[in-house]
Amino acid sequence: MDEISTGLDSSTTFQIVTCLQQLTHITEATILVSLLQPPPETFDLFDDIILMAEGKIVYQGPRNYVLEFFEHCGFRCPERKGVADFLQEVLSEKDQAQYWYRKDQPHSFVSVDNFIVAFNKFHTVQKLNEELCTPFHKCESHKSALSFNIYSLGKWELLKTCMAREWLLIKRNSFVYVSKTLQLVVIALITMTIFIRTRMKLDLVHASYYLGSLFYALIRLMTTGVAELALTVSRLSVFYKQRDCYLYPAWAYSIPAAILKIPFSFIDAFLWTALTYYVIGYSPEPERFFRQLFLLFLIHQMAISLFRFIASVIRDPPFAANFGLFTIMVIFLFSGFIIPQPLLPSWLKWGFWLSPLAYSEIGIAVNEFLAPRWQQVSSSNATLGQQVLEKRGLNFSGYYYWISVAALIGFWIIFNIGFTFALSLLKPPGSSRAIISHERFSYLKAKEDLSDTTEEKELPNADSLKAPAETKVKGMVLPFKPISISFEDVQYFVDTPKKLRGQVCPQKRLQLLQDITGAFRPGILTVLMGVSGAGKTTLMDVLSGRKTGGYIEGEIRVGGYPKVQETYARISAYCEQ
(Lines give C-alpha, C1' and ligand atoms only; values in the text may rest on other atoms or scores of the structure.)
Protein backbone atom coordinates (compact mmCIF):
# COMPACT_ATOMS: atom_id res chain seq x y z
CA MET A 1 0.00 0.00 0.00
CA ASP A 2 1.60 3.24 -1.20
CA GLU A 3 1.09 6.47 0.76
CA ILE A 4 -2.32 5.57 2.17
CA SER A 5 -2.25 8.52 4.59
CA THR A 6 -2.37 11.15 1.85
CA GLY A 7 -5.41 13.38 2.39
CA LEU A 8 -6.27 11.79 5.76
CA ASP A 9 -5.99 13.21 9.25
CA SER A 10 -3.82 11.45 11.83
CA SER A 11 -6.81 9.93 13.65
CA THR A 12 -8.17 8.27 10.52
CA THR A 13 -4.70 7.05 9.56
CA PHE A 14 -4.28 5.52 13.02
CA GLN A 15 -7.61 3.68 12.73
CA ILE A 16 -6.74 2.29 9.31
CA VAL A 17 -3.29 1.08 10.34
CA THR A 18 -4.77 -0.47 13.50
CA CYS A 19 -7.18 -2.44 11.31
CA LEU A 20 -4.28 -3.54 9.08
CA GLN A 21 -2.28 -4.64 12.13
CA GLN A 22 -5.15 -6.80 13.38
CA LEU A 23 -5.68 -8.21 9.89
CA THR A 24 -2.00 -9.15 9.68
CA HIS A 25 -1.82 -10.80 13.08
CA ILE A 26 -5.12 -12.69 12.87
CA THR A 27 -5.06 -13.89 9.26
CA GLU A 28 -1.24 -14.01 8.94
CA ALA A 29 -1.42 -11.81 5.87
CA THR A 30 1.68 -10.17 4.41
CA ILE A 31 1.24 -6.38 4.19
CA LEU A 32 3.79 -3.75 3.18
CA VAL A 33 2.86 -0.07 3.69
CA SER A 34 4.84 3.03 2.71
CA LEU A 35 4.09 6.12 4.80
CA LEU A 36 5.37 9.69 4.72
CA GLN A 37 6.08 11.05 8.23
CA PRO A 38 3.61 8.89 10.18
CA PRO A 39 2.61 10.13 13.64
CA PRO A 40 4.26 8.34 16.61
CA GLU A 41 1.18 6.34 17.60
CA THR A 42 0.80 5.07 14.01
CA PHE A 43 4.52 4.28 13.77
CA ASP A 44 4.35 2.13 16.92
CA LEU A 45 1.78 -0.18 15.29
CA PHE A 46 4.26 -1.67 12.81
CA ASP A 47 6.31 -4.79 13.50
CA ASP A 48 9.17 -4.37 11.03
CA ILE A 49 10.72 -1.33 9.39
CA ILE A 50 12.45 -0.86 6.06
CA LEU A 51 14.28 2.50 6.07
CA MET A 52 15.45 3.70 2.65
CA ALA A 53 17.63 6.57 1.49
CA GLU A 54 19.13 7.36 -1.92
CA GLY A 55 17.61 4.19 -3.35
CA LYS A 56 19.36 1.98 -0.77
CA ILE A 57 18.17 0.12 2.32
CA VAL A 58 19.71 1.58 5.48
CA TYR A 59 17.84 -0.55 8.01
CA GLN A 60 15.59 -3.57 7.71
CA GLY A 61 14.35 -5.40 10.74
CA PRO A 62 12.22 -5.17 13.89
CA ARG A 63 10.99 -1.73 14.90
CA ASN A 64 12.19 -2.25 18.50
CA TYR A 65 15.85 -2.38 17.46
CA VAL A 66 15.99 0.60 15.12
CA LEU A 67 16.92 3.13 17.86
CA GLU A 68 19.53 0.71 19.22
CA PHE A 69 21.13 0.52 15.77
CA PHE A 70 21.48 4.28 15.43
CA GLU A 71 22.80 4.57 19.01
CA HIS A 72 25.39 2.00 17.98
CA CYS A 73 26.30 4.40 15.16
CA GLY A 74 26.51 7.36 17.56
CA PHE A 75 23.10 8.98 17.16
CA ARG A 76 20.42 9.10 19.86
CA CYS A 77 16.78 10.08 19.51
CA PRO A 78 15.69 12.73 22.07
CA GLU A 79 13.01 11.71 24.54
CA ARG A 80 10.20 13.88 23.17
CA LYS A 81 11.15 13.40 19.54
CA GLY A 82 9.05 11.24 17.24
CA VAL A 83 10.95 8.18 16.06
CA ALA A 84 9.70 8.52 12.48
CA ASP A 85 10.93 12.13 12.25
CA PHE A 86 14.23 11.14 13.83
CA LEU A 87 14.81 8.37 11.28
CA GLN A 88 14.29 10.77 8.38
CA GLU A 89 16.40 13.60 9.83
CA VAL A 90 19.33 11.46 10.98
CA LEU A 91 20.05 10.59 7.35
CA SER A 92 20.07 14.27 6.32
CA GLU A 93 23.41 16.04 6.21
CA LYS A 94 22.09 19.30 7.63
CA ASP A 95 20.07 17.71 10.49
CA GLN A 96 22.33 14.83 11.47
CA ALA A 97 24.69 16.68 13.77
CA GLN A 98 22.04 17.58 16.37
CA TYR A 99 21.56 13.88 17.23
CA TRP A 100 25.24 13.09 17.81
CA TYR A 101 25.60 12.08 21.47
CA ARG A 102 29.27 11.08 21.72
CA LYS A 103 30.54 14.38 23.07
CA ASP A 104 34.09 13.06 23.50
CA GLN A 105 34.38 12.53 19.74
CA PRO A 106 33.96 15.16 17.05
CA HIS A 107 31.05 14.64 14.68
CA SER A 108 31.64 13.97 11.02
CA PHE A 109 28.87 13.32 8.53
CA VAL A 110 27.98 9.64 8.28
CA SER A 111 26.86 8.84 4.75
CA VAL A 112 24.24 6.33 3.72
CA ASP A 113 26.91 3.89 2.57
CA ASN A 114 28.56 4.05 6.00
CA PHE A 115 25.25 3.30 7.67
CA ILE A 116 24.84 0.29 5.40
CA VAL A 117 28.27 -1.03 6.35
CA ALA A 118 27.43 -0.65 10.02
CA PHE A 119 24.05 -2.28 9.55
CA ASN A 120 25.63 -5.38 7.99
CA LYS A 121 27.54 -5.86 11.26
CA PHE A 122 24.47 -5.33 13.46
CA HIS A 123 23.18 -8.32 15.45
CA THR A 124 19.75 -8.36 13.76
CA VAL A 125 21.41 -8.83 10.37
CA GLN A 126 23.60 -11.59 11.78
CA LYS A 127 20.52 -13.37 13.12
CA LEU A 128 18.73 -12.90 9.82
CA ASN A 129 21.67 -14.37 7.91
CA GLU A 130 21.66 -17.40 10.19
CA GLU A 131 17.97 -17.97 9.50
CA LEU A 132 18.50 -17.63 5.76
CA CYS A 133 21.40 -20.09 5.80
CA THR A 134 19.24 -22.76 7.42
CA PRO A 135 17.95 -25.22 4.76
CA PHE A 136 14.23 -24.90 4.21
CA HIS A 137 12.01 -27.96 4.34
CA LYS A 138 9.52 -28.08 1.50
CA CYS A 139 6.95 -29.74 3.75
CA GLU A 140 6.62 -26.41 5.56
CA SER A 141 5.77 -24.50 2.38
CA HIS A 142 2.45 -22.75 2.16
CA LYS A 143 0.07 -24.23 -0.35
CA SER A 144 0.08 -20.94 -2.28
CA ALA A 145 3.84 -20.39 -2.05
CA LEU A 146 4.29 -21.50 -5.66
CA SER A 147 1.83 -20.96 -8.46
CA PHE A 148 1.99 -23.04 -11.61
CA ASN A 149 -0.84 -21.15 -13.34
CA ILE A 150 -0.54 -17.74 -14.91
CA TYR A 151 -4.20 -16.95 -14.31
CA SER A 152 -6.05 -17.15 -11.02
CA LEU A 153 -9.05 -19.02 -12.48
CA GLY A 154 -9.44 -22.16 -14.52
CA LYS A 155 -10.08 -22.10 -18.24
CA TRP A 156 -13.81 -22.78 -17.91
CA GLU A 157 -14.25 -20.09 -15.23
CA LEU A 158 -12.29 -17.62 -17.36
CA LEU A 159 -14.48 -18.35 -20.35
CA LYS A 160 -17.69 -17.95 -18.34
CA THR A 161 -16.48 -14.70 -16.80
CA CYS A 162 -15.43 -13.22 -20.15
CA MET A 163 -18.72 -14.40 -21.65
CA ALA A 164 -20.65 -12.52 -18.97
CA ARG A 165 -18.44 -9.48 -19.51
CA GLU A 166 -18.98 -9.50 -23.27
CA TRP A 167 -22.74 -9.85 -22.80
CA LEU A 168 -22.69 -6.86 -20.44
CA LEU A 169 -20.85 -4.79 -23.05
CA ILE A 170 -23.38 -5.84 -25.69
CA LYS A 171 -26.25 -4.73 -23.45
CA ARG A 172 -24.54 -1.40 -22.86
CA ASN A 173 -24.20 -0.92 -26.64
CA SER A 174 -27.67 -2.30 -27.38
CA PHE A 175 -28.59 0.95 -29.14
CA VAL A 176 -25.98 0.21 -31.82
CA TYR A 177 -27.31 -3.27 -32.53
CA VAL A 178 -30.97 -2.22 -32.43
CA SER A 179 -30.36 0.72 -34.76
CA LYS A 180 -28.45 -1.50 -37.20
CA THR A 181 -31.32 -4.00 -37.26
CA LEU A 182 -33.93 -1.27 -37.78
CA GLN A 183 -31.82 0.20 -40.56
CA LEU A 184 -31.62 -3.23 -42.19
CA VAL A 185 -35.42 -3.63 -42.00
CA VAL A 186 -36.02 -0.23 -43.62
CA ILE A 187 -33.57 -0.98 -46.44
CA ALA A 188 -35.15 -4.42 -46.92
CA LEU A 189 -38.57 -2.78 -47.35
CA ILE A 190 -37.15 -0.40 -49.94
CA THR A 191 -35.33 -3.22 -51.73
CA MET A 192 -38.36 -5.49 -52.04
CA THR A 193 -40.43 -2.64 -53.48
CA ILE A 194 -37.76 -1.99 -56.11
CA PHE A 195 -37.44 -5.65 -57.12
CA ILE A 196 -41.09 -6.54 -56.54
CA ARG A 197 -42.14 -9.80 -58.20
CA THR A 198 -44.91 -8.22 -60.34
CA ARG A 199 -42.20 -6.54 -62.42
CA MET A 200 -39.90 -9.55 -62.64
CA LYS A 201 -40.20 -12.12 -65.43
CA LEU A 202 -38.36 -15.37 -66.14
CA ASP A 203 -36.13 -14.24 -69.01
CA LEU A 204 -32.51 -13.26 -69.51
CA VAL A 205 -33.20 -9.56 -69.00
CA HIS A 206 -34.99 -9.89 -65.68
CA ALA A 207 -32.60 -12.64 -64.59
CA SER A 208 -29.96 -9.92 -64.28
CA TYR A 209 -32.34 -8.09 -61.93
CA TYR A 210 -32.66 -11.22 -59.82
CA LEU A 211 -28.89 -11.60 -59.72
CA GLY A 212 -28.49 -7.92 -58.85
CA SER A 213 -30.93 -8.21 -55.95
CA LEU A 214 -29.04 -11.26 -54.65
CA PHE A 215 -25.73 -9.43 -54.85
CA TYR A 216 -27.19 -6.42 -53.08
CA ALA A 217 -28.40 -8.68 -50.27
CA LEU A 218 -24.84 -9.98 -49.88
CA ILE A 219 -23.20 -6.56 -49.76
CA ARG A 220 -25.93 -5.26 -47.45
CA LEU A 221 -25.32 -8.03 -44.91
CA MET A 222 -21.56 -7.66 -45.27
CA THR A 223 -21.43 -3.89 -44.72
CA THR A 224 -23.60 -4.25 -41.62
CA GLY A 225 -20.55 -5.70 -39.89
CA VAL A 226 -18.50 -2.50 -40.34
CA ALA A 227 -19.73 -1.24 -36.96
CA GLU A 228 -17.77 -4.06 -35.31
CA LEU A 229 -14.53 -2.35 -36.38
CA ALA A 230 -15.15 0.81 -34.34
CA LEU A 231 -16.44 -1.14 -31.33
CA THR A 232 -13.38 -3.40 -31.27
CA VAL A 233 -10.89 -0.53 -31.61
CA SER A 234 -12.54 1.35 -28.73
CA ARG A 235 -12.16 -1.67 -26.42
CA LEU A 236 -8.56 -2.57 -27.24
CA SER A 237 -6.97 -0.18 -24.73
CA VAL A 238 -8.87 -1.80 -21.86
CA PHE A 239 -8.10 -5.27 -23.20
CA TYR A 240 -4.34 -4.65 -23.38
CA LYS A 241 -4.31 -3.33 -19.81
CA GLN A 242 -6.21 -6.37 -18.51
CA ARG A 243 -4.18 -8.80 -20.64
CA ASP A 244 -0.86 -7.42 -19.36
CA CYS A 245 -2.18 -7.77 -15.79
CA TYR A 246 -2.89 -11.46 -16.55
CA LEU A 247 -6.61 -11.19 -15.89
CA TYR A 248 -7.40 -13.45 -18.84
CA PRO A 249 -5.77 -14.72 -22.06
CA ALA A 250 -6.62 -13.53 -25.55
CA TRP A 251 -8.67 -16.61 -26.44
CA ALA A 252 -10.96 -15.97 -23.47
CA TYR A 253 -11.70 -12.57 -25.03
CA SER A 254 -12.03 -13.65 -28.68
CA ILE A 255 -14.24 -16.72 -28.21
CA PRO A 256 -17.10 -14.87 -26.44
CA ALA A 257 -16.80 -12.04 -28.95
CA ALA A 258 -17.37 -14.56 -31.76
CA ILE A 259 -20.06 -16.68 -30.10
CA LEU A 260 -22.28 -13.90 -28.78
CA LYS A 261 -22.52 -12.27 -32.22
CA ILE A 262 -24.12 -15.40 -33.71
CA PRO A 263 -27.70 -14.55 -32.57
CA PHE A 264 -27.43 -11.05 -34.03
CA SER A 265 -26.22 -12.43 -37.36
CA PHE A 266 -29.11 -14.89 -37.43
CA ILE A 267 -31.66 -12.16 -36.63
CA ASP A 268 -30.36 -9.85 -39.38
CA ALA A 269 -30.20 -12.65 -41.95
CA PHE A 270 -33.67 -13.92 -41.03
CA LEU A 271 -35.30 -10.48 -41.18
CA TRP A 272 -33.78 -9.73 -44.58
CA THR A 273 -34.67 -13.12 -46.05
CA ALA A 274 -38.18 -13.19 -44.57
CA LEU A 275 -39.00 -9.71 -45.88
CA THR A 276 -37.49 -9.95 -49.36
CA TYR A 277 -37.52 -13.59 -50.48
CA TYR A 278 -41.13 -14.13 -51.54
CA VAL A 279 -41.87 -10.46 -52.28
CA ILE A 280 -39.07 -10.28 -54.84
CA GLY A 281 -40.13 -13.68 -56.12
CA TYR A 282 -37.22 -16.03 -55.75
CA SER A 283 -37.66 -19.78 -56.23
CA PRO A 284 -40.56 -20.81 -53.98
CA GLU A 285 -39.09 -24.09 -52.69
CA PRO A 286 -38.73 -23.95 -48.87
CA GLU A 287 -35.31 -25.60 -48.90
CA ARG A 288 -33.94 -22.84 -51.15
CA PHE A 289 -35.33 -20.23 -48.76
CA PHE A 290 -33.42 -21.76 -45.87
CA ARG A 291 -30.28 -22.20 -47.99
CA GLN A 292 -30.29 -18.49 -48.81
CA LEU A 293 -30.92 -17.67 -45.14
CA PHE A 294 -27.96 -19.83 -44.10
CA LEU A 295 -25.68 -18.23 -46.70
CA LEU A 296 -26.62 -14.68 -45.61
CA PHE A 297 -25.99 -15.71 -42.00
CA LEU A 298 -22.50 -16.94 -42.89
CA ILE A 299 -21.60 -13.82 -44.88
CA HIS A 300 -22.64 -11.68 -41.92
CA GLN A 301 -20.55 -13.74 -39.52
CA MET A 302 -17.58 -13.65 -41.89
CA ALA A 303 -17.85 -9.85 -42.21
CA ILE A 304 -17.93 -9.35 -38.44
CA SER A 305 -14.86 -11.54 -37.92
CA LEU A 306 -13.04 -9.80 -40.80
CA PHE A 307 -13.51 -6.29 -39.41
CA ARG A 308 -12.72 -7.50 -35.91
CA PHE A 309 -9.43 -8.91 -37.25
CA ILE A 310 -8.63 -5.65 -39.07
CA ALA A 311 -9.27 -3.65 -35.89
CA SER A 312 -6.94 -5.88 -33.84
CA VAL A 313 -4.10 -5.50 -36.34
CA ILE A 314 -4.41 -1.80 -37.31
CA ARG A 315 -5.63 -0.46 -33.91
CA ASP A 316 -5.55 3.17 -35.03
CA PRO A 317 -9.21 4.28 -35.48
CA PRO A 318 -8.84 6.53 -38.58
CA PHE A 319 -6.42 4.22 -40.34
CA ALA A 320 -8.46 1.14 -39.44
CA ALA A 321 -11.61 2.74 -40.88
CA ASN A 322 -9.84 3.64 -44.13
CA PHE A 323 -8.26 0.21 -44.43
CA GLY A 324 -11.63 -1.42 -43.77
CA LEU A 325 -13.23 0.55 -46.60
CA PHE A 326 -10.34 -0.35 -48.89
CA THR A 327 -10.79 -4.03 -48.01
CA ILE A 328 -14.50 -3.84 -48.83
CA MET A 329 -13.73 -2.26 -52.20
CA VAL A 330 -11.23 -4.99 -53.10
CA ILE A 331 -13.64 -7.75 -52.02
CA PHE A 332 -16.44 -6.19 -54.09
CA LEU A 333 -14.26 -5.88 -57.20
CA PHE A 334 -13.26 -9.55 -57.09
CA SER A 335 -16.73 -10.82 -56.16
CA GLY A 336 -17.61 -11.83 -59.73
CA PHE A 337 -20.54 -9.44 -60.12
CA ILE A 338 -19.08 -5.95 -60.69
CA ILE A 339 -16.42 -7.50 -62.93
CA PRO A 340 -17.53 -10.97 -64.14
CA GLN A 341 -14.95 -13.68 -63.76
CA PRO A 342 -14.41 -14.22 -67.53
CA LEU A 343 -13.53 -10.52 -67.93
CA LEU A 344 -10.80 -10.60 -65.29
CA PRO A 345 -7.22 -10.65 -66.68
CA SER A 346 -5.51 -14.00 -66.33
CA TRP A 347 -3.02 -12.54 -63.86
CA LEU A 348 -5.88 -11.36 -61.60
CA LYS A 349 -8.07 -14.45 -61.57
CA TRP A 350 -6.53 -15.55 -58.29
CA GLY A 351 -8.27 -12.59 -56.64
CA PHE A 352 -11.67 -14.13 -57.46
CA TRP A 353 -10.87 -17.27 -55.48
CA LEU A 354 -9.53 -15.29 -52.53
CA SER A 355 -12.62 -13.10 -52.18
CA PRO A 356 -15.15 -14.33 -49.59
CA LEU A 357 -17.88 -12.52 -51.46
CA ALA A 358 -17.12 -14.54 -54.60
CA TYR A 359 -17.97 -17.80 -52.81
CA SER A 360 -21.14 -16.19 -51.47
CA GLU A 361 -22.06 -15.09 -54.98
CA ILE A 362 -21.46 -18.61 -56.33
CA GLY A 363 -23.54 -20.23 -53.60
CA ILE A 364 -26.49 -17.85 -53.76
CA ALA A 365 -26.56 -17.81 -57.58
CA VAL A 366 -26.39 -21.62 -57.84
CA ASN A 367 -29.13 -21.91 -55.22
CA GLU A 368 -31.46 -19.69 -57.26
CA PHE A 369 -30.73 -20.37 -60.92
CA LEU A 370 -30.52 -24.16 -60.67
CA ALA A 371 -34.09 -24.23 -59.33
CA PRO A 372 -36.73 -26.07 -61.42
CA ARG A 373 -38.37 -22.88 -62.70
CA TRP A 374 -35.13 -21.84 -64.45
CA GLN A 375 -34.75 -25.16 -66.29
CA GLN A 376 -36.44 -24.03 -69.51
CA VAL A 377 -34.39 -25.31 -72.46
CA SER A 378 -33.65 -22.74 -75.17
CA SER A 379 -32.53 -23.18 -78.76
CA SER A 380 -28.88 -23.47 -77.66
CA ASN A 381 -29.69 -26.71 -75.73
CA ALA A 382 -28.90 -24.88 -72.46
CA THR A 383 -31.37 -24.06 -69.74
CA LEU A 384 -32.25 -20.49 -68.91
CA GLY A 385 -30.51 -20.74 -65.56
CA GLN A 386 -27.30 -22.10 -67.11
CA GLN A 387 -27.24 -19.24 -69.62
CA VAL A 388 -27.49 -16.70 -66.81
CA LEU A 389 -24.70 -18.38 -64.85
CA GLU A 390 -22.42 -18.72 -67.91
CA LYS A 391 -22.90 -15.06 -68.73
CA ARG A 392 -21.57 -14.07 -65.32
CA GLY A 393 -18.91 -16.79 -65.15
CA LEU A 394 -20.77 -18.60 -62.33
CA ASN A 395 -21.66 -21.79 -64.21
CA PHE A 396 -20.93 -24.29 -61.44
CA SER A 397 -22.70 -27.45 -60.36
CA GLY A 398 -25.19 -27.61 -57.52
CA TYR A 399 -22.72 -29.03 -55.01
CA TYR A 400 -20.75 -25.77 -55.24
CA TYR A 401 -23.30 -24.34 -52.83
CA TRP A 402 -21.81 -26.51 -50.09
CA ILE A 403 -18.29 -25.64 -51.24
CA SER A 404 -19.25 -21.97 -50.78
CA VAL A 405 -20.60 -22.74 -47.31
CA ALA A 406 -17.37 -24.53 -46.39
CA ALA A 407 -15.29 -21.64 -47.76
CA LEU A 408 -17.22 -19.05 -45.71
CA ILE A 409 -16.84 -21.16 -42.58
CA GLY A 410 -13.13 -21.45 -43.34
CA PHE A 411 -12.79 -17.66 -43.72
CA TRP A 412 -14.68 -17.24 -40.42
CA ILE A 413 -12.28 -19.61 -38.64
CA ILE A 414 -9.19 -18.00 -40.18
CA PHE A 415 -10.24 -14.45 -39.26
CA ASN A 416 -11.10 -15.43 -35.69
CA ILE A 417 -7.81 -17.29 -35.26
CA GLY A 418 -5.98 -14.26 -36.67
CA PHE A 419 -7.91 -12.05 -34.26
CA THR A 420 -6.82 -14.23 -31.35
CA PHE A 421 -3.17 -14.28 -32.42
CA ALA A 422 -3.15 -10.50 -32.96
CA LEU A 423 -4.50 -9.95 -29.45
CA SER A 424 -1.92 -12.37 -28.02
CA LEU A 425 1.22 -11.25 -29.84
CA LEU A 426 0.89 -7.55 -30.60
CA LYS A 427 1.98 -5.04 -28.01
CA PRO A 428 -0.29 -2.13 -27.05
CA PRO A 429 0.35 0.96 -29.18
CA GLY A 430 2.42 3.50 -27.24
CA SER A 431 2.84 7.19 -27.74
CA SER A 432 6.40 8.13 -28.69
CA ARG A 433 7.47 11.61 -27.65
CA ALA A 434 10.63 13.46 -28.52
CA ILE A 435 12.66 14.49 -25.47
CA ILE A 436 14.83 17.62 -25.59
CA SER A 437 17.04 18.83 -22.77
CA HIS A 438 16.55 22.24 -21.15
CA GLU A 439 19.98 23.43 -22.29
CA ARG A 440 19.31 22.38 -25.87
CA PHE A 441 15.91 24.08 -25.79
CA SER A 442 17.44 27.32 -24.50
CA TYR A 443 20.08 27.23 -27.23
CA LEU A 444 17.51 26.63 -29.97
CA LYS A 445 15.26 29.36 -28.56
CA ALA A 446 18.12 31.86 -28.54
CA LYS A 447 19.09 30.84 -32.06
CA GLU A 448 15.51 31.34 -33.21
CA ASP A 449 15.43 34.80 -31.64
CA LEU A 450 18.61 35.68 -33.53
CA SER A 451 17.09 34.61 -36.82
CA ASP A 452 14.00 36.76 -36.18
CA THR A 453 16.05 39.88 -35.47
CA THR A 454 16.03 42.45 -38.27
CA GLU A 455 19.23 43.54 -39.99
CA GLU A 456 18.98 47.11 -38.65
CA LYS A 457 19.39 45.87 -35.06
CA GLU A 458 22.77 45.01 -33.60
CA LEU A 459 23.15 41.24 -33.21
CA PRO A 460 24.84 39.75 -30.13
CA ASN A 461 28.05 37.84 -30.64
CA ALA A 462 28.24 34.06 -30.63
CA ASP A 463 29.94 33.97 -27.22
CA SER A 464 26.72 35.02 -25.55
CA LEU A 465 25.15 31.74 -26.66
CA LYS A 466 28.04 29.55 -25.62
CA ALA A 467 28.45 30.99 -22.14
CA PRO A 468 25.05 32.01 -20.79
CA ALA A 469 26.34 31.84 -17.19
CA GLU A 470 28.48 34.97 -17.70
CA THR A 471 25.48 37.13 -18.59
CA LYS A 472 23.29 38.56 -15.87
CA VAL A 473 19.70 37.42 -15.95
CA LYS A 474 17.25 40.21 -15.19
CA GLY A 475 13.72 39.31 -14.23
CA MET A 476 10.55 41.33 -14.53
CA VAL A 477 8.71 42.33 -11.37
CA LEU A 478 4.96 42.15 -11.91
CA PRO A 479 2.80 44.64 -10.04
CA PHE A 480 0.97 43.09 -7.09
CA LYS A 481 -2.01 44.51 -5.27
CA PRO A 482 -3.12 42.86 -2.02
CA ILE A 483 -6.79 41.91 -2.03
CA SER A 484 -8.97 40.51 0.72
CA ILE A 485 -11.66 37.85 0.34
CA SER A 486 -14.74 37.88 2.56
CA PHE A 487 -17.73 35.55 2.60
CA GLU A 488 -20.93 35.49 4.62
CA ASP A 489 -23.53 32.76 5.18
CA VAL A 490 -22.15 30.52 2.43
CA GLN A 491 -24.34 27.44 1.88
CA TYR A 492 -23.64 24.55 -0.46
CA PHE A 493 -26.16 21.85 -1.39
CA VAL A 494 -26.03 18.80 -3.65
CA ASP A 495 -28.83 16.57 -4.85
CA THR A 496 -29.34 13.63 -2.54
CA PRO A 497 -28.29 10.34 -4.21
CA LYS A 498 -31.15 8.00 -4.96
CA LYS A 499 -29.68 5.31 -2.69
CA LEU A 500 -29.90 7.64 0.33
CA ARG A 501 -33.41 8.93 -0.29
CA GLY A 502 -36.19 7.60 1.89
CA GLN A 503 -35.68 6.74 5.52
CA VAL A 504 -31.94 7.54 5.59
CA CYS A 505 -32.19 11.05 4.13
CA PRO A 506 -35.71 12.23 3.24
CA GLN A 507 -34.54 15.66 1.99
CA LYS A 508 -34.13 16.16 -1.75
CA ARG A 509 -30.95 18.18 -1.21
CA LEU A 510 -27.98 17.34 1.01
CA GLN A 511 -26.26 20.29 2.69
CA LEU A 512 -22.46 20.10 2.79
CA LEU A 513 -21.66 23.69 3.94
CA GLN A 514 -23.80 25.56 6.44
CA ASP A 515 -23.59 29.25 7.40
CA ILE A 516 -19.87 29.69 6.64
CA THR A 517 -18.68 33.22 7.36
CA GLY A 518 -15.12 34.51 7.36
CA ALA A 519 -12.44 36.61 5.70
CA PHE A 520 -8.93 36.11 4.36
CA ARG A 521 -6.81 39.25 4.78
CA PRO A 522 -3.58 40.36 3.10
CA GLY A 523 -0.45 39.63 5.11
CA ILE A 524 -2.12 36.86 7.13
CA LEU A 525 -1.15 33.21 6.61
CA THR A 526 -4.27 31.16 7.36
CA VAL A 527 -4.57 27.41 7.76
CA LEU A 528 -7.89 25.63 7.27
CA MET A 529 -8.08 22.62 9.59
CA GLY A 530 -10.50 19.79 10.26
CA VAL A 531 -10.88 16.03 10.20
CA SER A 532 -11.48 14.11 6.97
CA GLY A 533 -14.91 14.97 5.62
CA ALA A 534 -15.22 18.24 7.53
CA GLY A 535 -15.66 20.22 4.31
CA LYS A 536 -12.25 21.87 3.88
CA THR A 537 -11.87 21.02 0.19
CA THR A 538 -15.54 21.75 -0.47
CA LEU A 539 -15.23 25.25 0.99
CA MET A 540 -12.07 26.01 -1.00
CA ASP A 541 -13.68 24.72 -4.18
CA VAL A 542 -16.76 26.88 -3.60
CA LEU A 543 -14.72 30.02 -2.89
CA SER A 544 -12.50 29.39 -5.93
CA GLY A 545 -15.42 28.69 -8.26
CA ARG A 546 -14.34 25.12 -8.99
CA LYS A 547 -17.72 23.53 -8.22
CA THR A 548 -19.57 22.79 -11.45
CA GLY A 549 -22.54 21.10 -9.79
CA GLY A 550 -24.68 21.65 -6.76
CA TYR A 551 -26.28 24.82 -5.40
CA ILE A 552 -24.31 27.69 -3.86
CA GLU A 553 -25.94 30.34 -1.69
CA GLY A 554 -24.46 33.25 0.25
CA GLU A 555 -22.30 36.24 -0.51
CA ILE A 556 -18.66 36.16 -1.60
CA ARG A 557 -16.77 39.44 -2.02
CA VAL A 558 -13.29 40.10 -3.43
CA GLY A 559 -11.78 43.42 -2.45
CA GLY A 560 -15.17 44.56 -1.21
CA TYR A 561 -16.97 43.90 -4.50
CA PRO A 562 -19.18 40.92 -5.43
CA LYS A 563 -17.08 38.16 -6.86
CA VAL A 564 -17.00 37.78 -10.67
CA GLN A 565 -15.52 34.42 -11.61
CA GLU A 566 -13.96 35.58 -14.90
CA THR A 567 -12.04 38.35 -13.12
CA TYR A 568 -11.27 36.26 -10.04
CA ALA A 569 -9.69 33.54 -12.17
CA ARG A 570 -7.20 36.07 -13.55
CA ILE A 571 -5.95 37.38 -10.21
CA SER A 572 -5.95 34.18 -8.14
CA ALA A 573 -4.21 30.82 -8.07
CA TYR A 574 -5.60 27.58 -6.66
CA CYS A 575 -3.37 24.58 -5.94
CA GLU A 576 -5.70 21.60 -5.61
CA GLN A 577 -5.30 18.71 -3.20
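Which residue just after α1 takes a positive phi? Just after α1, that residue is E28, with a phi of about 60°. The legends below describe a predicted model, in which local features need pLDDT of at least 70, side-chain atom pairs count only at pLDDT 80 or more, and totals for chains, interfaces and linings use all residues. Residues are numbered from 1 along each chain as its sequence is written, and side-chain values use heavy atoms, with hydrogens and water left out.

**Figure 1. Overall form of the protein chain.** The protein chain has 22 helices and six strands (DSSP runs numbered from the N terminus: helices are H or I with at least four residues, strands are E with at least two). Its radius of gyration is 38 Å, well over the 25 Å that the globule rule gives for 577 residues, so the chain is more spread out than a compact globule. That radius is taken over C-alpha atoms, and the rule is 2.2 Å times the number of residues to the power 0.38. Along the principal axes, the C-alpha atoms fill a box of roughly 125 × 80 × 75 Å. Buried residues make up 36% of the 577 residues (buried means under 20% relative accessible area, exposed over 50%, partly exposed in between, with a 1.4 Å probe and protein chains only). Among contacts between residues at least 6 apart in sequence, 69% join residues at least 24 apart; a contact means heavy atoms within 4.5 Å.

Figure 2. Helix α1 comprises residues 10-27, 18 residues in total, and reaches 26 Å from its first C-alpha to its last, close to the 26 Å expected at 1.5 Å a residue. The expected span is 1.5 Å times one less than the number of residues. T13, V17, T18 and L20 are buried in α1. These residues cover an arc of only 165° around the axis, which puts them on the same side of α1; the arc is that of the directions from the helix axis to the C-beta atoms. The face turned away from this buried side carries the exposed residues Q15 and I26. What covers the buried residues of α1 includes α2 (40-43).

**Figure 3. The two ends of α1.** D9 caps the N-terminal end of α1, where a side-chain oxygen lies 3.1 Å from the backbone nitrogen of S11. E28 is exposed, with a relative accessible area of 71%, and its positive phi occurs in a residue other than glycine.

Figure 4. R315 is found in the loop between α13 (286-314) and α14 (317-333). Its phi is near 70°, a positive value in a residue other than glycine. F319, placed in helix α14, is partly exposed, with a relative accessible area of 46%. F319 and H300 are 19 residues apart in sequence and 23 Å apart in space, C-alpha to C-alpha.

**Figure 5. The enclosed helix α16.** Helix α16 spans residues 356-369, and its end C-alpha atoms are 20 Å apart, in agreement with the 20 Å that its 14 residues should span at 1.5 Å a residue. Of these 14 residues, 14 are buried, so α16 is largely enclosed by the rest of the structure.

**Figure 6. Surroundings of T420.** T420 lies in helix α18 (residues 400-425) and counts as buried, at 17% relative accessibility. Not counting residues up to four places away in sequence, T420 touches A250, W251 and S254.

Methods:
A polar contact is a pair of N or O atoms within 3.5 Å; within protein, one must be able to donate a hydrogen and the other to accept it, and residues adjacent in sequence count only if both atoms are side-chain atoms.
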